[in-house]
Amino acid sequence: MFELLGIPPQVLFGQLLLGLINGSFYAVLSLGLAVIFGLLNIINFTHGAQYMLGAFGAWMLLNYLGVSYWWAVFIVPPIVGLTGIVLERVLIRRLYHLDHLYGLLLTFGLALIIVGFFRQFFGVSGLPYPPPPLLTGGHNLGFMYLPNSRAWVIVASLIVCLATWFIIEKTRLGAYLRAATENPTMVGAFGINVPLLVTLTYGFGVALAGFAGVLAAPIYAVNPNMGADLIIVVFAVVVIGGMGSILGSILTGFGLGLIEGLTRVFYPEGSAVVIFVIMALVLLVKPAGLFGRSA
Amino acid sequence: MKATGFILASLASLLSAGAAYATDVKIGVLNDRSGIYADIAGEGSVIAAQMAAEDFKATDKGINVSIVSADHQNKPDVGSNIARQWYDTENVDVIADVPTSSVALAVNEITKEKNKIFLASGPASSDLTGKACSPNTVHWTYDTWALANGTGSAMVAQGGDTWFFVTADYAFGHALERDTSAVVEASGGKVLGAVRHPFPGQDFSSFLLQAQGSGAKVVGLANAGGDTINAVKQASEFGITQGGQSLAALLMFINDVHALSLEVAQGLVLTGAFYWDKNDQTREFSARFQERNSGQKPSMIEAGVYASVLHYLKAVEAVGDKDAAKVMAKMKEMPTDDPLFGKGTIRADGRKLHEMYLFRVKKPDQSKGAWDYFETVATIPADKAFRPLADGGCPLVK
């Protein structure tokens, strides 16, 4: 058997698979950000908090109402999306005519408020969320032990990413969306309700964050800060992929997950910064991102 | 900087003027109030300091205690700035708590330079009473040597003689890994490897997979707070213990067990300095504390803040002055005695000595409810619990 820099192949395959799993989270989260940026031109800094809301939503359903994880997967994202729609209608809408920076400041402030509110009530240590019976246990793949919960994350996020890509790129609704991104006035003139389209898109992007949060609940500690660290990485993913590029954010999400996974084997200390190093390099060479169109 | 003032000195004490003298003492509780260590210290430590001043009846004894607090965000630069500002412009006499060893080592230096007092309850690094020891610091609750000595030797005695560490990549993690490796090797065990994870971390799967691949009998988690919670949760997901390896959470707090649930945490062996359900006095204090700290029982760090502030106030009363050198001398000369840690002493290098305990996390069916989490496996006497004075390399005792 071959060895790569002293790392046996079994270990390498295992780490690659784990990288893909982490990449799934990056992909779903950056997809939501990309959709929102593409249509609204808003850099949604509340995304991390909305991811956290998804995880807490699943926890609350289970603990207050006894609703199982599998129901939560379907119930929580629309609810989180709905909270996003309220935010868009009440606050974010007022900033569309202003510079990006105002949207960023508003959503960042909102994130701080939401996270602070949850910290006050639930503390920072987090809450236990027992995985449902189907997701406990795992399979020995020969090169690694793959817990069912992680296998499910990959499958679920691939389905969601592909469905989103399909809707936006291949359906009539998606065509309206893309057209509205290009020229909202013209699309409005054709009798399409652009403001509604924008609101629903924001809601959808936020629902994706909520979905990622539900996926995370049985794996990571459910705590108010869970989105804060992740969101910075996800922003880097979106920048590398190209702001607003749907396919770009999906591919970059999975790809960077892989690269981060490899870094954890060869130089674990650097795994927290590798994505930002790549971001800097990409920005130097291709300022619009790997899949972005330069304006 | 978030600094909230809390003034205990009441108008009544000013009017009564019964005491012959009045000493104004200002205590700054510096810790993580929003990040991964906020539940094991945070506001709870401020409440503990307030309770110490109240229980001591400081005002009646002519000591006006005021308590301020701030968030160091686990960043040494932020912590240093706050400490300097407190000492230089806000007349703070004592800084208490300071979890996160990297911040604590910085505050330790500043406190020495400004000739004030540092009552360290939160930090773990044994360097605070070793090569970085200071005449102005008391390290109260625990340290990495004591944790390693408790959990490390217990695990090796149970047959866990090969180790792999998953270590938080900063001063604390390094110290804990170093001290535990020394204990493992001294007990005839072997360290097969270690991986350093970024601090704070969220996903530990690749590090756990490396630990699994190492074939070591024991996977030692040299991290704390939210990192430990995530790592233990994911270790259970990846079947580390089902695969025949044991997990050693080298620093674990009762709040971590609460967040993990007994289903996930059961059977873990850990070393601690305090458990709320130890005796009537600890239960009485913990019930009062829980009421004020939104239902959370005290962690050993919060207990340490209470006890160290109490001892400091006793020394101020005995000296009748708050001069740092005199008060420190008094604190080291007077034996300590408080409801939470019992009787103890403070050594020349600043190390507070008391019993340490080896706990095992109960199974869900052994627990009577929330916070009934630990059973005591062994009590380590004070003279065995901490690193011998001569081995620390503290320049003060040469």
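## Phe274 of chain B

In this predicted model, Phe274(B) is buried, because 26 other C-beta atoms lie within 10 Å and 20 or more are enough for that description. Phe274(B) belongs to the loop that joins strand S11 (269–272) to helix H11 (280–292) of chain B. Leaving aside residues up to four places away in sequence, Phe274(B) touches Met300(B), Ala303(B), Leu340(B) and Phe341(B). Between the C-alpha atoms of Phe274(B) and Lys314(B), which are 40 residues apart along the chain, the separation is 21 Å.

## Ile240 of chain B

Ile240(B) is likewise a loop residue, placed between helix H8 (225–237) and strand S10 (246–249) of chain B. With 21 other C-beta atoms within 10 Å, Ile240(B) is buried. When residues up to four places away in sequence are not counted, its contacts are Leu208(B), Gln212(B), Val219(B), Ala235(B), Gln245(B) and Leu247(B). The C-alpha atoms of Ile240(B) and Trp371(B) are separated by 26 Å, and the two residues are 131 residues apart along the chain.

## Backbone geometry in chain B

Most residues other than glycine have a negative phi, and most peptide bonds are trans. Thr100(B), although not a glycine, has a positive phi of about 80 degrees. Thr100(B) sits in the loop between strand S4 (94–97) and helix H4 (101–114) of chain B, and it is buried, with 32 other C-beta atoms within 10 Å.

Ser294(B) is also a residue other than glycine with a positive phi, in this case near 35 degrees. The loop that holds Ser294(B) runs between helix H11 (280–292) and helix H12 (300–319) of chain B. Ser294(B) is partly exposed, with 13 other C-beta atoms within 10 Å. The peptide bond from Phe199(B) to Pro200(B) is cis, and its omega is near -10 degrees. Pro200(B) is found in the loop between strand S8 (190–197) and helix H7 (205–214) of chain B.

## Annotated domain of chain B

An unreviewed UniProt entry gives residues 25–362 of chain B the annotation "domain: Leucine-binding protein". In the model, this span is 44% helix and 21% strand, and its end C-alpha atoms lie 42 Å apart.

## Annotated transmembrane regions of chain A

For chain A, UniProt (unreviewed entry) lists residues 12–37, 49–65, 71–92, 104–129, 149–168, 230–259 and 265–285 under "transmembrane region". Among them, residues 49–65 are 100% helix and 0% strand, with end C-alpha atoms 23 Å apart. Residues 265–285 are 67% helix and 0% strand, and their end C-alpha atoms lie 27 Å apart.

## Helix H4 of chain A

Helix H4 (residues 100–122) of chain A has 23 residues. From its first C-alpha to its last it reaches 33 Å, close to the 33 Å expected at 1.5 Å a residue. Its buried residues are Gly103(A), Leu106(A), Thr107(A), Ala111(A), Ile114(A) and Val115(A). The cover over these buried residues includes helix H2 (47–65) and H9 of chain A. After H4(A) comes Gly123(A), whose phi is positive, near 70 degrees.

## Packing of helices H5 and H6 of chain A

Two packed helices are described by the angle between their axes and the distance between the axes. For helix H5 (residues 148–170) and helix H6 (residues 172–182) of chain A, the axes come within 5 Å and cross at roughly 70 degrees. H5(A) is therefore roughly perpendicular to H6(A).

In this contact, Ile167(A), Ile168(A), Glu169(A) and Lys170(A) of H5(A) meet Leu173(A), Gly174(A), Leu177(A) and Arg178(A) of H6(A). The contact residues comprise four nonpolar, one polar and three charged.

## Interface between chains A and B

The interface brings 32 residues of chain A into contact with 35 residues of chain B. On the side of chain A that touches chain B, at least two residues each come from helix H1 (9–40), strand S2 (145–147), helix H9 (226–241) and helix H10 (246–266). H1(A) gives the most to this side, with five residues. By residue class, the side of chain A that touches chain B divides into 16 nonpolar, 12 polar and four charged residues.

Definitions and conventions:
Residues numbered from 1 in each chain as written. Chains lettered and ligands numbered in written order. Predicted model: local features only at pLDDT ≥ 70, side-chain atom pairs only at ≥ 80, totals over all residues. UniProt positions renumbered as here; feature names shortened; annotations may be inferred. Helix = DSSP H or I, 4+ residues; strand = E, 2+ residues; numbered from the N terminus. Axes fitted to C-alpha atoms, helices over the stretch in contact; angles between N-to-C directions. Parallel < 35°, antiparallel > 145°, perpendicular 65-115°, else oblique. Contact = placed C-beta atoms within 7 Å. Nonpolar A, V, L, I, M, F, W, Y, C, P; charged D, E, K, R; others polar. Buried ≥ 20, exposed ≤ 12 C-beta atoms within 10 Å, placed from the backbone. Expected span 1.5 Å × (residues − 1).
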